[in-house]
Amino acid sequence: MTIDIDAAVSKVLPSSGGETTVEVTLDPVAKAQPTTRHVALLIDTSFSMDGEKIRNAKRGSKQALQELDPDDYVSIVGFDSSVEVVTPMTRWGDVTQADVEADIDAIEAANGTDIYNGLETVRDQLVDDTPDNPRAVKRIILLSDGQDRFEADTYRDLAAEYDDDGLSIIAAGIGRAYDEAVILALANASGGEPVDLSEDAIDHFLEETVGNTENVLASKPVLDIEPEQGFIVPDDEAYFEAPTTEERAIDTDASPNTLALPELEVGSQQRFTFTVLGQPKSAGLTHELATLRVRDATGSVLAETTASVEYSANGGLARAGIERARAASKVRVDIQDPDVSKTRVEEGIERLRDEGWDDTADELERDLRRADEDGGLIRVSKTKVNSD
């Protein structure tokens, strides 16, 4: 496995000490072995999916099957007011594609929407009915066009449990009526991705998402942050700029400190920031502030680097772009959170203007306006997927 890792700091610290921001960039550039996939396709079959949407979901499911290798595991589950296991979790080499496609053809759209029980069904499949392989990518691909009976907080807690189980959710909302907050909660809390999907792109999305799973280097990677003597990682969030905008907690009680990362995928750069506090030190010297190691689910080290910081008599801003990026990520996270007031978002944008970052503030104001549109919250984080 090949991952390029780079770490830069935003400030030169004064001899009296202070806080600096570390920006980490991870570039997965190659992989050495094929990826084993454990994939569950979870498809909304409620009445609102009738017509072109369910036809495209069926067609996309069939196309996705062509991306699988014999040792991959796959299940297909439909949900409306109840759950229907179309294809149980099965090793792909043990079934015939024609039989599975016949099961897919029998799917019909009817009744209401029960995402929760559908998710619990596929979680049980992925946890109980697949081989114990810590290197396997375990992914739920969810399609839904409707509203569910539970609030986003319920799904955020549920998805966090899935994350602990090593599962990620690619959650796609279709059309104009789905619950954006639920889709975001499921994706972000599980380390997956939220997607705003047009109905004519369903088939392409399913095929591409299953196919791209082949590019995953590590499904549940972790960043170890080992501060050097005289440096501390405070109890603050890490803010991601790429591949999606999100915040993640750093476990500062662990030794070393740890940060759970999104899936590492070839060609998909990760970029995020966190803060470090430095104690007073002599001016005119550069000090290593932390060793950073990326590990996979087996504990193997995939990449390692050291972040360093310079001390001077008075300190100063060395890389303003890092501070600007962190401030902008905080505002974008707030825009995506339906519980955060518009006033708080506007205050965050104004603080960027006070720093002289008008272009970034203008961009965030456009994001804020876009968030009022259908699918806008997700498009602030991730580009809409359409048939083109």
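Is D196 buried or exposed? In this predicted model, D196 is buried, because its relative accessible area is 1%, a value under the 20% that marks the limit for burial. The residue belongs to strand β9, which covers residues 193–197, and the side chain of D196 is joined to that of Y178 by a polar contact of 2.6 Å.

Strand β9 is part of an open sheet of six strands, arranged in the order β6-β5-β4-β7-β8-β9 with mixed pairing. The edges of this sheet are formed by β6 (83–91) and β9, each of which has a single partner strand, so that one side of each is left without a neighbour in the sheet. On average, and with direction ignored, neighbouring strands of the sheet are turned by 10 degrees against each other.

Helix α5 (residues 180–190) lies across β7 (137–144), β8 (167–174) and β9, and runs at about 160 degrees to β8, whereas helix α6 (residues 202–212) lies across β4 (37–44), β7, β8 and β9, and runs at about 170 degrees to β7.

In helix α3 (residues 115–128), the 14 residues should span 20 Å at 1.5 Å a residue, and this agrees with the end C-alpha atoms, which are 20 Å apart. The buried residues of α3 are I115, G118, L119, V122, R123, Q125 and L126; because they cover an arc of only 160 degrees around the axis, they are placed on the same side of α3.

Terms used
Residues numbered from 1 in each chain as written. Predicted model: local features only at pLDDT ≥ 70, side-chain atom pairs only at ≥ 80, totals over all residues. Heavy atoms only, no water. Helix = DSSP H or I, 4+ residues; strand = E, 2+ residues; numbered from the N terminus. Buried < 20%, exposed > 50% of the residue type's maximum accessible area, 1.4 Å probe, protein only. Polar contact = N/O pair within 3.5 Å; in protein donor to acceptor, adjacent residues only side chain to side chain. Expected span 1.5 Å × (residues − 1). Arc of directions from axis to C-beta. Pairing = 2+ DSSP bridges. Axes fitted to C-alpha atoms, helices over the stretch in contact; angles between N-to-C directions. Contact = heavy atoms within 4.5 Å.
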